[in-house]
Amino acid sequence: MTTQDRYTLNARNMSVFYGSFKAINSVNLDIERNKITALIGPSGCGKSTVLRSFNRMNDLVPSARVEGEVIFHNQNLYAPHVDAVEVRRRIGMVFQKPNPFPKSIYDNIAFGPRISGWKGSKTEMDDLVEHSLRNAALWDDVKDKLKASGLALSGGQQQRLCIARALAVEPEVILMDEPCSALDPISTLKIEELMMELKQRYTIVIVTHNMQQAARASDYTAFFLMNAERAGEIVEYGPTGDLFTNPKDKRTEDYITGRFG
Amino acid sequence: MDAPEEKPTSGLPHGAAMQRNIVRRRRKGTVLRSIFLGSTLIGLVALAVLLFTIINDSFGLVALDYKVDPATLSDRPLEELSRDELVVILQDNISSNAFRTLERTTPMAQRSEGDVLGLVLERVVKQSVAGTWSLTDSLLNRSAIEAQVAAESPAATLKFRSWLSGGFLTTPMSSNALIAGVRTALFGSLWMIGITILFAFPIGTGAAIYLEEYARDNRFNRIIQTNINNLAGVPSIIYGMLGLAVFVRLLEPVTSGRVFGVEGSNGRTILSASLTMMLLILPIIIINAQEAIRAVPLSLRQASYGLGATKWQTIRHHVLPGAMPGILTGTILAVSRAIGETAPLIVVGASTFIVSDPDGPFSKFTALPIQIYNWTSRAQGEFGNIAAAAIMVLLVMLLTLNSIAVLIRNRLSRRAS
Ligand SMILES: Nc1ncnc2c1ncn2[C@@H]1O[C@H](COP(=O)(O)OP(=O)(O)O)[C@@H](O)[C@H]1O
Ligand SMILES: [Mg+2]
């Protein structure tokens, strides 16, 4: 079994810079297929930066630069001939604040497939929209108002719409950057249940500030801290159960017990 | 409230000192508030005075003198006669030669009723204006005016007249203020503005997209940006001179329509004026559009890129629709500036006396501000009145455009949310 059968993404000595500022220092991280990996750590330690480096969203920041490698299907995402547009189609993203397009629920879902060269019929698109909404556990809430604006939904529904929208372009990995931080506890639980469903078909990487969420929902956890130069580093990485019950590093223990940052 | 004991150790005021301090801070706010109210009032008063002057001149008494009393021509008022009856009067009262000349320019059967009425008033009645009075004068000093007219020109009749009327909009320019209208100028302005928008909107939006979305932040692009910002403040007469040099002279074969097979015109056409106006308003459109594009939330772009959209797809499907209300509003506001501009039109050579409707981009033309400028510089009082009426027409046009801008903005931003 090769690494890339077991793992979807492998970060190798990945460092990220914003201009001359080193935000991430030499991170090595193997993301296992069909598992949920949580990235935790105090604010500003670079969790979002790592996540954005996994689907080249950092390209949108003009000053950002990535060193090292991120391997996906035996291919470095930062190799010169790799197209960021393709990377983002195969590695989807859900953001901290729900950001549906100011369009109908239907068009929110259909947008991704359409711009990616969808060739199917209208009925096939209807099916795809329904399928994506069902997978995001939103179908029953919205099946009667697909023409309504996506912005008319509640915060939790909007976030599930964003997940459904990401699913519609059939990615292999879904990156989630604090997807529940703007949501109430009930909506948060719904998203967590949804993640458990989705991991059977997708690999999920989630940034979270919520220790319970990481402990409840994830299979692996990576704990980040800033080093002396304020660059983010991995302090400890392992199966979530081990990391939370039996942390190897004193700093991890301090953080998860709330004695830290 | 009972003040607690003073605490001399702290730099913060306490007790009575704190209350005095609050009163002082409040008083400062009150003073500023009345100053702001004052500024608002000054603005309102200025606007009211402007409107008052224009309305005051657009309506009022006019003393009309005749060589021939209209009552001797017909037993009904001339305005109530049909075209055919008017033609008969005209034929009976001018020489057959003169009638034939008129018939040859435009056959009577093709002339409008107002047109024929104008001819009758001009050629037969030989109407002239003995005096005009403003609305306030007419209302307040009517008896004094009547006495004055009776003394100075006993033959004249005093009538209340609205200089702004349906006929004013539909009759062309004339050297007789009583029958002159703004039709030609109105069409000229509309043609010019239409063509200006046709060029300025896509070019301005395109430039804004380039500058906001594609241009790197380097010295070259910063220089371009600074220049655009500065161009927005260049006096309009300078654009007029640029338009004269480039569009009227240099590009004459194009702007006169010769390369398109239009014969017999020079470069002083609607097209030249439109292109000059385009230059004038492009900086404003670009700056407004850039601002609108910048205001599209980053989260929307991220969502689009995150689904695998290319840059252009993101611009096309999210940035432009999101920015469109702002771009359109900016364009319309810029265009309403262009409608009122006079100086560049004078420089690129708008005609001041022209009676035929413009029929396309290669026509000679006049425009509302030119017409107004022309009329206000005449000595006779009645031209002041029709100038005021023409200003009302221009103002209505501007208000209409601005309301459209507001409507578009509300409609589109409602759809966006
Ligand atoms: N677009 C950016 N430009 C410059 N610096 C950035 C940018 N985004 C993040 N950073 C910096 O990188 C560091 C890590 O930020 P981030 O990845 O957002 O941390 P986290 O998500 O863990 O809170 C911070 O010091 C932050 O200031
Ligand atoms: Mg973050």
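1. A polar contact is a pair of N or O atoms within 3.5 Å; inside protein, one must be able to donate a hydrogen and the other to accept it, and sequence neighbours count only through two side-chain atoms. Cys45(A) makes such a contact: one of its polar backbone atoms is 3.4 Å from an oxygen atom of ligand 1.

2. The model is predicted, so local features need pLDDT of at least 70 and side-chain atom pairs pLDDT 80 or more, while totals for chains, interfaces and linings use all residues. Residues are numbered from 1 along each chain, chains are lettered from A and ligands numbered from 1 as written, and side-chain values use heavy atoms, without hydrogens or water.

3. Which residues are around ligand 1? Tyr18(A), Phe21(A), Ala23(A), Ser43(A), Gly44(A), Cys45(A), Gly46(A), Lys47(A), Ser48(A), Thr49(A), Arg52(A) and Val61(A) form this shell. Each has a heavy atom within 4 Å of the ligand.

4. Two side chains also reach ligand 1. In Ser48(A), a side-chain N or O atom is 2.6 Å from an oxygen atom of the ligand. In Thr49(A), the corresponding distance is 2.4 Å. On its own, ligand 1 has 560 Å² of accessible area (Shrake-Rupley, 1.4 Å probe), and the protein covers 65% of that area.

5. Which element gives the most to the shell around ligand 1? Helix 2 of chain A does, with four residues. Strand 2 (21–32) and helix 2 (47–53) of chain A each supply at least two. Helices (H or I, at least four residues) and strands (E, at least two) are DSSP runs, numbered from the N terminus.

6. Now chain B. Is Met173(B) buried or exposed? Met173(B) is buried, because its relative accessibility is 4%. The cut-offs are under 20% for buried and over 50% for exposed, with partly exposed in between (1.4 Å probe, protein chains only). Met173(B) sits in the loop between helix 7 (166–170) and helix 8 (183–214) of chain B. Its C-alpha atom is 8.7 Å from that of Ser356(B), yet the two residues are 183 apart along the chain.

7. Ser189(B) belongs to helix 8 of chain B. Ser189(B) counts as buried because its relative accessibility is 1%. A polar atom of the Ser189(B) side chain lies 3.0 Å from the backbone nitrogen of Leu368(B). Compare Val254(B), in helix 11 (residues 252–255) of chain B. Val254(B) has 33% relative accessibility, so it counts as partly exposed.

8. How many salt bridges are found over all chains? The whole structure has 24. Each is a side-chain nitrogen of Lys or Arg within 4 Å of a carboxyl oxygen of Asp or Glu. Side chains of opposite charge can pair when their charged atoms come close.

9. Glu86(A) and Arg90(A) are one such pair, with their closest N and O atoms 3.1 Å apart. Both lie in helix 3 (residues 84–90) of chain A, four residues apart, about one turn of the helix. Glu86(A) is partly exposed, because its relative accessibility is 45%. Arg90(A), at 27%, is partly exposed too.

10. Asp249(A) and Arg251(A) form another salt bridge, at 3.2 Å between closest N and O atoms. Arg251(A) is partly exposed at 40%. In chain B, Glu85(B) pairs with Arg76(B), at 2.7 Å. Glu85(B) is partly exposed at 33%, and Arg76(B) is partly exposed at 36%. Back in chain A, salt bridges with shared partners join Glu86(A), Arg90(A) and Glu172(A) into one network.
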